[in-house]
Amino acid sequence: MVMTLHEATRRAAARQELCTRVKALLVERLALNVDPNSIGDDQPLFGRGLELDSIDTLELAMAVEDTFGVTVTDDDTHSLLSLNRLVDHIEGARA
Amino acid sequence: MTTQPSAPPTEAVLGADDIARLLPHRYPFFLLDRVTALDPGTSAEAIKNVTASDAVLAGHFPGRMLYPGVLLVECVAQLAAVIYGSAAARSATGELVADVADRVGYLAEIRQAKFLKPVLPGDQITVRAHSGPRFGGLISVTGQASVGRELVMTARLAVTELAP
């Protein structure tokens, strides 16, 4: 099915809003000392990215479940590799 | 002189010897006296009696004995291990207690710990823990301690369970 320009614009806006909410959630729940607006959509969450650690994964999984009602399990660790992948996971689960 | 009948002791679901089979901790770091409620894998309640002869009170502090707040947190962590240890025991044997102390891992994180009132010799602490979401070997735990009706500590922890 071909997406109309209006539909594509609407989806892009919804995606951007979700990214913004997830960035704010990350900063708030993990007490990160960064400006949410400075987090890139493709920024890795671990290592050289936001430098989260394995203990943060538990808090992040709980935050996503509390806020979006979406479960992140051991099988979804690939979803925690970057902000975009996490947003993909949330979008996919809510679709 | 009349004597008031004392309150009956709170019924034990697990006694100290049972707890010792679920936990690797031993004196002076074996803290829980009795488990009074237990839903394996989910939640539990326990009693910890604080006595003036507790070794830690000799140094905390001379002339001003005060049960350390960090040990209240440790009580919750040990109760968390009872929660998942009893679930493992039941899964393996059908009983609440088995020799599963080797599954006990580590205290990984303490969040939002609040110490609301001092705990003194003679106090009986009721410790409650509730197991939350699990991710890998990490388990989220919410806990609290109270003396009588007074809440003395609340905290959120992450603890680890080792694979058998």
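Of the 95 residues in chain A, 40% count as buried. Please keep in mind that this is a predicted model.

**Fold and overall dimensions**

- Chain A is built with 3 helices and 0 strands, and its pattern along the sequence reads α-α-α.
- The radius of gyration of chain A is 14 Å, close to the 12 Å that the globule rule gives for 95 residues, so chain A is as compact as a globular protein of that length.
- If we take the contacts in chain A between residues at least 6 apart in sequence, 55% of them join residues at least 24 apart.

**Surface and charge**

- Chain A carries 17 negative and 9 positive side chains.
- A distance of 7 Å separates the centres of these two sets of side chains in chain A.

**Where chain A meets chain B**

- On the chain A side, 14 residues take part in the contact, and chain B brings 12 residues.
- Between them, chain A and chain B bury about 1,100 Å², with carbon and sulfur atoms accounting for 63% of it.
- Which residues of chain B lose the most area to chain A? They are B:Arg111, B:Phe135 and B:Leu138, which together make up 54% of what the chain B side buries.

Key:
Residues numbered from 1 in each chain as written. Chains lettered and ligands numbered in written order. Predicted model: local features only at pLDDT ≥ 70, side-chain atom pairs only at ≥ 80, totals over all residues. Heavy atoms only, no water. Helix = DSSP H or I, 4+ residues; strand = E, 2+ residues; numbered from the N terminus. Rg over C-alpha atoms; globule rule 2.2 N^0.38 Å. Buried < 20%, exposed > 50% of the residue type's maximum accessible area, 1.4 Å probe, protein only. Contact = heavy atoms within 4.5 Å. Lys, Arg positive; Asp, Glu negative; His and termini not counted. Charge placed at Lys NZ, Arg CZ, Asp CG, Glu CD. Buried area = accessible area lost by both parts, 1.4 Å probe.
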